[in-house]
Amino acid sequence: MAPIVSESQLNYPKHIKYWRRNLKTLLPHFYTSNDSNRMLLALFTVSALDILGDLDAALSPEERQGYVDWVYGCQLPTGGFRPWPGSNFGLQSNDGNKRWDPPHVPGTFFALLTLVVLGDDLSRVKRREILVWLIRMQRPEGGFGETVDEDGFIHGGNDSRFGYMATAIRWILRGNLKGPCDGVPDIDVDAFVNCVRESETYDGGISEAPYHEAHGGFTSCAVAALSFLERLPVPPSQEPDGVIRGVTNLPLLLKWLASRQTATLDADDGLDTLGDETDTSETCHDAHSFVNLSAFVSKQAEANMKQTPHTHFELQWVGVNGRCNKVADTCYAYWISAPLQLLGHMDIVEQRSIRKWLLDKTQHIVGGFGKVTGDPPDMYHSFLGLMVLAMFGEPGLQDVDAALCITDRAKKHLESLAWRREILQTHPGV
């Protein structure tokens with residue numbers, strides 16, 4: 001194995017500068033097409049600064065209150081949040097155009113989390129109205145959509161992303177309470193869990209719909225949703241407990257998640273030095289691997305034929321993909337690690353090698369993380385890259401909740417709110 005010249009390092013000052021720039025200045029023009037996702041970008045920014053331990057220093061009390069008020073400005077009178085202010089008709093709002101400005105499941109999820117990270121007490125949130133609306137967002141088969149028409153038609157996908165956000169909204173506003181809350185019935189939990197079970201694939205992962213291909217993002221969202229509902233699998237000694245649970249084959253799911261680790265596929269793998277040559281069958285993806293090896297046998301190949309094969313140096317860097325036979329991608333380091341942590345099996349992946357891949361391959365010189373090696377940083381991959389490192393226990397980063405994508409500090413703030421504690425305390429046995 002080639003010697004490691006220096007230990008990989010997270011460049012804190014650059015990451016803080018990157019996220020402060022996103023907070024304080026206009027985003028690059030490439031984000032114009034993402035303007036309708038502004039609430040998501042807001043959450044990424046404040047939560048990233050919180051993970052870096054810089055949120056309090058980055059915001060004055062006046063700025064913090066201004067951002068809180070901006071989020072509340074996206075709340076609809078009937079409950080729920082829009083994902084950006086662009087659909088707000090203001091004084092021109094009427095029955096004729098309200099269908100173009102509906103409450104939005106992702107917008108509501110990101111808005112609530114942004115308020116929590118900013119330290120708001122959610123006292124202005126129309127909590128009961130949201131819980132009533134959430135019931136309308138669930139389809140008969142158990143899944144959730146994105147928005148709902150006045151006639152009850154539910155728009156949007158039917159995959160676990162929306163189920164994840166809907167169950168998270170439920171958990172934020174009513175915790176793990178069973179049954180009605182403030183006179184509002186609960187969602188159909190069993191129906192949603194059955195949706196997850198039906199989307200399990202033959203190889204162990206979870207797909208967007210029955211008989212589709214397993215996908216890291218859908219798997220992560222489904223497992224997180226099950227954790228919000230307290231429907232993750234339990235040890236055999238606790239079964240049967242009369243509760244329908246998701247993930248019918250935990251060992252197979254864990255095998256699928258662990259199999260998402262992959263060797264890197266970039267120009268660095270083509271280095272051709274004695275002791276870690278890459279022109280052998282070990283690394284057949286490299287361009288010069290396809291020469292006639294019988295005529296040009298490398299030193300490493302000769303050694304492999306005589307003794308135990310050499311562990312290729314590229315295994316110092318292990319990326320993570322989201323589907324079989326795909327290249328490594330920064331975001332999938334999170335989408336695969338998160339369900340492993342929620343299931344209590346983070347130990348089955350090579351955390352040190354994944355960390356090294358993130359810091360050496362996709363961490364950018366200006367701060368943030370790119371999607372793959374050589375890509376410029378973007379807010380999505382930069383945030384999820386930080387989440388993974390925090391989940392791995394990176395020194396200097398705050399502890400995080402893998403399911404909510406916020407710091408443990410922010411989660412504890414939510415759990416400490418008087419109205420939320422009262423809901424749970426007035427229903428003993430929960």
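Start by selecting Val-116, which sits in helix H5, the stretch covering residues 105-117. Keep in mind that the whole model is predicted.

**Stop 1: Val-116**

Is Val-116 buried or exposed? Val-116 has a relative accessible area of 0%, so it is buried. Buried here means under 20%.

Now show what surrounds this residue. Select Leu-122, Ile-406, Ala-410, His-413 and Leu-414. Val-116 is in contact with these five, once its neighbours within four places in sequence are set aside.

Along the chain, Ser-47 and Val-116 are 69 residues apart.

**Stop 2: the cysteines**

A disulfide is a covalent bond between the sulfur atoms of two cysteines. How many disulfides does the count come to? The count comes to zero. Select Cys-221 to see one case. For a disulfide, the two sulfur atoms would have to be within 2.5 Å.

Stay on Cys-221 and check its surface. Its relative accessible area is 4%, so Cys-221 is buried. Then move to Cys-181. Cys-181 also counts as buried because its relative accessibility is 4%.

**Stop 3: the largest pocket**

Select Leu-40, Phe-44, Phe-110, Trp-335 and Tyr-380. Of the 39 residues lining the largest pocket, these lie nearest its centre. Colour the helices next. Those that give two or more residues to this lining are H2 (38-51), H5, H7 (160-174), H9 (216-228), H12 (330-343) and H14 (379-391). H5 is also the helix that holds Val-116.

How much space lies in the largest pocket? The answer is about 880 Å³. Colour its lining by residue type: 26 residues are nonpolar, eight are polar and five are charged.

**Stop 4: the second largest pocket**

Select Thr-78, Lys-98, Asp-101, Pro-103 and Glu-150. They lie nearest the centre of the second largest pocket, which is lined by 25 residues. The volume of this pocket is about 600 Å³.

Which element gives the most to this lining? Select helix H6 (127-136). H6 gives the most, with four residues. Strand E1 (147-148) also supplies at least two.

Finish by colouring this lining by type. Nine residues are nonpolar, eight are polar and eight are charged.

Conventions
Residues numbered from 1 in each chain as written. Predicted model: local features only at pLDDT ≥ 70, side-chain atom pairs only at ≥ 80, totals over all residues. Heavy atoms only, no water. Buried < 20%, exposed > 50% of the residue type's maximum accessible area, 1.4 Å probe, protein only. Contact = heavy atoms within 4.5 Å. 1 Å grid on protein atoms, 1.4 Å probe; cavity = no way out; pocket = protein on both sides within 12 Å on 5 of 7 lines; lining within 4 Å. Points joined across faces, edges and corners; volume = space filled by probe spheres on them. Nonpolar A, V, L, I, M, F, W, Y, C, P; charged D, E, K, R; others polar.
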